[in-house]
Amino acid sequence: MTNKELSNDLKKKAIALGLCSKWQNNWTTEDKDKLCNMYIEGIDFCIINNYPTCEYMKANFDGVMQQNGIFVDDKVAINKKERLVYVLNGSSCGYINFEGFDVCEVYVRHNSNVKINIQGQASVYICAYDNAKVDIEQSGNLSRVKVFKYSNDVTITQRGSNISIKEGKMG
């Protein structure tokens, strides 16, 4: 599938799911990196609609999505924050370390399993969905973590004194 065909296919599927006219009118790119950025910018729509599917992402974005902080069934080992947002889909597993003045959002979905270490003055926001497992280790008085659980099946393990966990609401 060409990039133009891929973009048109994604747009058609999103419209069928109720994509608003603003996004429809602004959808002009065929570039895979820019499509990955659109996925992150519209993450709420994508999560609510499970769009695109993990299989679709793996078939059409493998290699590109990982460079944009999006993972599907991948082993993740991130020691230096390079993105403002990371999204773990499918059965992704591994660890992410945050330190210094890092500020980041992490979305953990499906059956992903991740260990997240936070230290220094880092500030991390974690949204956990489906059957995700998140092991959080926060250290120091200046680092902080806010977790939003969007499913009763999410498992959160926590160590540290500056971790806040709240129930999130979809849509």
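Before going on, a word on what we're looking at. This is a predicted model, where local features need pLDDT of at least 70, side-chain atom pairs count only at pLDDT 80 or more, and totals for chains, interfaces and linings use all residues. Residues are numbered from 1 along each chain as its sequence is written, and side-chain values use heavy atoms, with hydrogens and water left out.

Back to that pair. It belongs to strand S4, residues 93-98, which is joined to S6, residues 113-118, by 6 bridges, and the two run parallel. When I say strand or helix, I mean DSSP runs numbered from the N terminus: helices are H or I with at least four residues, strands are E with at least two. Two strands pair if DSSP finds at least two bridges between them. As a reminder, strands of a sheet pair through backbone hydrogen bonds, either parallel or antiparallel.

So what order do the strands of this open sheet take? It's S2-S4-S6-S8-S10, 5 strands with parallel pairing. At the edges sit S2 (75-78) and S10 (155-159), each pairing on one side only. From one strand to the next, the twist averages 15°; axes here are lines fitted to C-alpha atoms, for helices over the stretch in contact, and angles run from 0 to 180 degrees between N-to-C directions.

Now over to strand S3, residues 85-89. 5 of its 5 residues are buried, so S3 is largely enclosed by the rest of the structure. Buried means under 20% relative accessible area, exposed is over 50%, and partly exposed is in between, using a 1.4 Å probe and protein chains only. Val 85, Val 87 and Asn 89 point one way from S3, Tyr 86 and Leu 88 point the other way, and all are buried. In general, side chains in a regular strand alternate between the two faces of the sheet.

Who are the partners of S3? Strand S1 (residues 70-72) is joined to S3 by 3 bridges, running parallel, and Val 72 has Asn 89 as its bridge partner there. S3 also pairs with strand S5 (residues 103-108) over 4 bridges, in the parallel sense, with Leu 88 opposite Val 108.

Next, the rings. There are 2 aromatic pairs in the structure; rings of Phe, Tyr and Trp (its six-membered ring) pair if their centres lie within 6.5 Å, and planes under 30 degrees apart count as stacked, over 60 as edge-to-face and the rest as tilted. Phe 45 and Tyr 51 are edge-to-face, at 5.8 Å centre to centre and 75° between the planes. Phe 45 is partly exposed at 22% relative accessibility, while Tyr 51 is buried at 8%. Tyr 129 and Tyr 150 are stacked, 4.6 Å centre to centre with 10° between the planes. Why does that pair tie together parts 21 residues apart in sequence? Because Tyr 129 lies in the loop between S7 (123-128) and S8 (133-138), and Tyr 150 in the loop between S9 (144-149) and S10.

Last stop, the largest pocket. It is lined by 18 residues, with Leu 35, Met 38, Tyr 39, Cys 46 and Tyr 51 nearest its centre. Helices H3 (32-41), H4 (43-49) and H5 (54-61) each supply at least two lining residues, and H3 gives the largest share, 5 residues. A pocket, on a 1 Å grid over the protein atoms alone, is an open set of points where a 1.4 Å probe fits, with protein on both sides within 12 Å along at least five of seven lines; lining residues have an atom within 4 Å of a point.
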